[in-house]
Amino acid sequence: MAGMRGRQTVRGMFQSLGVIMVAAGVMYLFIPHDEHAEPVKAKDYRVELLTAQRAAPYPVLAPEGLGEGWKATVVSYKRERGDAWQLGFITPDTQYVAVNQSTAEPGKFVPEVTLKAKNTGKTQTVAGHVWQRWEGPKYDALVRTDGGATTVVTGTASFERLAEMAGSLQSKKV
């Protein structure tokens with residue numbers, strides 16, 4: 001009797017597995033999955049930029065003249081978090097680069113936005129400005145403090161791409 005019950009349990013398990021596999025196959029066939037579709041939609045950040053430029057106590061930076069293929073994907077300004085400005089992009093080679101600015105204490109702000117990157121002690125000059133190089137397990141960064149705020153250009157992209165973003169940053173007075 002116990003042997004019969006064991007066979008029924010195994011048979012039921014295989015029947016259930018078969019039903020699950022058929023359901024998964026049907027879902028795969030009917031859920032669209034176009035590998036050639038554009039996965040990321042670019043975001044227009046002009047309104048948020050103007051708002052941040054009016055509200056922030058420092059010159060808010062945004063890129064001008066970036067090449068083809070850069071897509072803005074994230075934009076925010078949070079006054080309650082040290083007047084934090086964030087503008088994130090996907091690069092032409094599908095890496096992430098973000099510009100973060102804040103009046104918050106740099107020792108806390110930089111590791112937070114770089115996901116625990118550390119100062120390497122090295123510097124890099126970009127467009128006449130000296131930036132500190134930070135490296136981390138997920139994001140690398142270029143960091144500089146000027147005009148009452150800390151600016152961090154960070155992301156998964158190479159230092160070359162980070163420098164390209166840093167070199168394009170401009171401030172427009174509103």
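Residues are numbered from 1 along each chain as its sequence is written, and side-chain values use heavy atoms, with hydrogens and water left out. Because the model is predicted, local features need pLDDT of at least 70 and side-chain atom pairs count only at pLDDT 80 or more, while totals for chains, interfaces and linings use all residues.

**Domains**

The protein is divided into domain 1 (1–33) and domain 2 (45–170). These bounds come from an automatic or database domain assignment. Taken over C-alpha atoms, the two domain centres are 50 Å apart.

Helices (H or I, at least four residues) and strands (E, at least two) are DSSP runs, numbered from the N terminus. Two strands count as paired if DSSP finds at least two bridges between them. Strand S3 spans residues 84–90. It pairs with S2 (residues 71–78) and with S4 (residues 96–102).

| Pair | Sense | Bridges |
|---|---|---|
| S2 and S3 | antiparallel | 7 bridges |
| S3 and S4 | antiparallel | 6 bridges |

Lys78 has Ala84 of S3 as its bridge partner. Trp85 is bridged to Gln101 in S4. The S2 and S3 hairpin has 5 residues between the strands, and Gly82 there takes a positive phi near 75°. The hairpin of S3 and S4 also has 5 residues between its strands. Thr94 in that turn has a positive phi of about 60°.

S3 is mostly covered, with 5 of its 7 residues buried. Buried means under 20% relative accessible area, exposed over 50%, and partly exposed in between (1.4 Å probe, protein chains only).

Ser76 sits in strand S2. Its relative accessible area is 18%, so Ser76 is buried. Leaving aside neighbours within four places in sequence, Ser76 is in contact (heavy atoms within 4.5 Å) with Ala84, Trp85 and Gln86.

**Nonpolar cores**

A nonpolar core is a set of buried Ala, Val, Leu, Ile, Met, Phe, Trp, Tyr and Cys residues joined through side-chain atoms within 4.5 Å. The largest one has 29 residues. Tyr45, Trp85, Leu142, Val153 and Met165 have the most contacts inside it. Elements that give two or more residues to this core are H2 (46–55), S1 (61–63), S2, S3, S4, S8 (149–155) and H4 (159–168). H4 supplies the largest share, 5 residues.

Not counting residues up to four places away in sequence, Met165 touches Pro63, Leu66, Trp70, Phe89, Val97, Val99 and Val153. Another core, of 8 residues, lies apart from the largest one; among its members are Phe109, Val110, Ala141 and Val143.
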